[in-house]
Amino acid sequence: MNTATYLVNTDYIKQNSTISDNLNDNILLPIIKDTQITKLAPIIGEALYDKLCTVVESDNYILEYPNYANLLDNYVKMYILNEVQATMTITNYQKQHNAGSVQYVDTNYSNIQLNELKYMRQYWENKASFYGERLTNYLNANSSLFPEYK
């Protein structure tokens, strides 16, 4: 399984979500990678996942692989975006330090309560689930376009 390629970049996530533009990419990149491997790949299968990684590495994938470009741009990216948003709800709330797990506090912001955090996470998980089902339905209806999908 390809573990080096990102199907979405941090700019896409930041521009299409509630994640702040000033969030360090080093925080976001591992979450994107983990989402691709642990959430997306099981839905679409390893063969199609690897094919999509190959496709995005192409300089002109929209023209070279139009079916895969449509899959990426209209289905996969939205799924990844919402899974990343759900994960960020928790991971950006706390940090791991030498002293243990700590809650992040900034002088310009106030933290939300745990019950609100759970609600927000559930909201984003529900959206991710919707886009995951939408992705699966599209692949099932168009399986002849994607021979790697089983």
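Me: How many aromatic pairs does the structure hold?

Reply: A pair of aromatic rings is described by the distance of the centres and the angle of the planes. Rings of Phe, Tyr and Trp (for Trp, its six-membered ring) pair if their centres lie within 6.5 Å; planes under 30 degrees apart count as stacked, over 60 as edge-to-face and the rest as tilted. This structure holds 6 aromatic pairs. One of them joins Tyr 123 and Trp 124, an edge-to-face pair with 4.9 Å from centre to centre and 80° between the planes. The model is predicted: local features need pLDDT of at least 70, side-chain atom pairs count only at pLDDT 80 or more, and totals for chains, interfaces and linings use all residues. Side-chain values use heavy atoms, with hydrogens and water left out, and residues are numbered from 1 along each chain as its sequence is written.

Me: Is Trp 124 buried or exposed?

Reply: Buried means under 20% relative accessible area, exposed over 50%, and partly exposed in between (1.4 Å probe, protein chains only). Trp 124 is buried, at 12%, while Tyr 123 is partly exposed, at 40%. Buried residues make up 37% of the 150 residues in the chain.

Me: Which residues form one aromatic cluster?

Reply: Tyr 65, Tyr 68, Tyr 75, Tyr 138 and Phe 146 form one.

Me: Which Lys lies over the face of Tyr 68?

Reply: A charge sits over a ring if NZ of Lys or CZ of Arg is within 6 Å of the ring centre and within 35 degrees of the ring normal. Lys 51 lies over the face of Tyr 68, 5.4 Å from the ring centre. Lys 77 lies over the face of Tyr 12, at 5.5 Å from the ring centre.

Me: What pattern does the chain follow along the sequence?

Reply: Helices (H or I, at least four residues) and strands (E, at least two) are DSSP runs, numbered from the N terminus. Here the chain has 6 helices and 2 strands, in the order α-α-α-α-α-β-β-α.

Me: Where is the place of Leu 139, and which residues does Leu 139 touch?

Reply: Leu 139 belongs to helix H6, residues 114-141, and is buried, with a relative accessible area of 0%. Contact means heavy atoms within 4.5 Å. Not counting residues up to four places away in sequence, Leu 139 touches Ile 44, Leu 48, Leu 71, Phe 146 and Tyr 149. Leu 139 and Tyr 149 are 10 residues apart along the chain, and their C-alpha atoms are separated by 7.5 Å.
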